[in-house]
Amino acid sequence: MSATPSPSIAVPHFSSWQQALREAVRSLDELLHWLQLDPHSLTALSHTPFPLRVPHSYVARMQVGHPDDPLLRQILPLRAEQQGAIGFIADPVGDQQAQKTPGLLHKYPNRVLIVATGSCALHCRYCFRRHYPYANTQAQDYTDKLAYIQAHPKITEVILSGGDPLLLSDERLQIWLRGLSTIPHVHTLRLHTRLPIVLPQRITPELLSILSDTRLSVVMVLHANHAQEFNVEVSEALKALRKADILLLNQSVLLRGVNHRPDDLLHLHKILGEHRVMPYYLHLLDKVAGAAHFEVSEAEALSLMHQLRTQLPGYLVPQLVREIAGHPYKQPVFEKT
Ligand code: SF4
């Protein structure tokens, strides 16, 4: 199934991804104006410590006059975020306890995750790092992180994450790639990024050249939650990444109001297959403070997985997982037989 773009939203032209990022929508009034929505019909927040941010090209994929649009729901700050919920906390996945040096998380034996930047092109309201103290991680200082990896020969894979690592400049990415490729035991560079989906302009020939010109095996884990996020520009970006010999996987979060209906998940995984992006994880919501209204119960999730298994070939069925702080791997969630 292809995307359903809103014909009445004219996307402003931006000459570069950097400009598109600078001009991203940051005001609720502007967003609602583009979508022709009445502010009084929504319980939205104008101001929040985790502010609204969304690129125009993503807004253009939303349906005009549709307050329950699945893309809008992912980025619209609602008053529900201010209601406390039992079990929903600032750091639900134990990032702080896994931090070995500022911005380097070592949770699993053979891989580390680097918080390479605190910036994202859009702010997902359900983000498990929405309270992460990015300012304290010295994201730009990479020498201490390289020294840690060098000193731990079991580490074979390094994950650049954030924030979104593709918001780093090409120069900064190149520094990371060069530094990591000097460490003999590091074989794989993994990028956790939402940019090919939300700001496909970022996939430039220069970036592709940097990602191709390395001895490291490059894996990109995308983050798409709904078929409506795919459009021609996203298709082109994914095609270019495939041609650059980058393995493409996708992780989604199961979100009430976004993709909790069987058809949503079926369409998403079919369109991933059409783009030759292999489904990787379907995450149960990480219980981060402010996101309780997105929660889908485990019983509902298992029922959805049953329908996916029934209607999709096995290779398009993601693994349903939950992250438990301190657990040595993401915990698969299975149906009881
Ligand atoms: S792009 Fe990823 S890191 Fe950034 S807000 Fe969304 S979920 Fe969080």
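What follows is a short exchange on how several labels are reached in this predicted model.

Colleague: Why is His 226 called buried?

Modeller: A residue counts as buried if 20 or more other C-beta atoms lie within 10 Å of its own, and because His 226 has 23 other C-beta atoms within 10 Å, His 226 is buried. His 226 lies in the loop between β6 and α10, and, leaving aside residues up to four places away in sequence, His 226 touches Pro 70, Leu 71, Val 258, Asn 259, Asp 264 and Leu 268.

Colleague: What makes the buried residues of α10 line one face of the helix?

Modeller: The buried residues in α10 are Val 234, Ala 237, Leu 238 and Leu 241. Seen down the helix axis, the buried residues of α10 fall within an arc of 95°, so they line one face. Those buried residues pack against α8 (195-198), β6 (217-222) and β7 (247-253), whereas Val 232 and Lys 243, on the other side of α10, are exposed.

Colleague: How do you know that domain 1 touches domain 2, and which helix gives the most to that side of domain 1?

Modeller: The domain assignment gives domain 1 as 17-82 and domain 2 as 95-332, and their C-alpha centres lie 23 Å apart. Contact requires C-beta atoms within 7 Å, and 24 residues of domain 1 are in contact with 22 residues of domain 2. On the domain 1 side, α1 (17-22), α3 (56-59) and α4 (70-75) each supply at least two residues, and α4 gives the most, with five residues. The residues of that side divide into 17 nonpolar, two polar and five charged.

Colleague: What makes a residue part of the shell around the ligand, and which residues are they?

Modeller: The test is a C-beta atom within 6 Å of the molecule, and the residues around the ligand are Cys 120, His 123, Cys 124, Cys 127, Arg 129, Gly 162, Gly 163, Asp 164, Arg 194 and His 223. This shell divides into three nonpolar, four polar and three charged residues; Cys counts as nonpolar and Gly as polar in that division.

Note on methods. Residues are numbered from 1 along each chain as its sequence is written. This is a predicted model: local features need pLDDT of at least 70, side-chain atom pairs count only at pLDDT 80 or more; totals for chains, interfaces and linings use all residues. A residue is buried if 20 or more other C-beta atoms lie within 10 Å of its own, exposed if 12 or fewer, and partly exposed in between; C-beta atoms are placed from the backbone. Helices (H or I, at least four residues) and strands (E, at least two) are DSSP runs, numbered from the N terminus. The arc is that of the directions from the helix axis to the C-beta atoms. Two residues are in contact if their C-beta atoms, placed from the backbone, lie within 7 Å. Domain bounds come from an automatic or database domain assignment.
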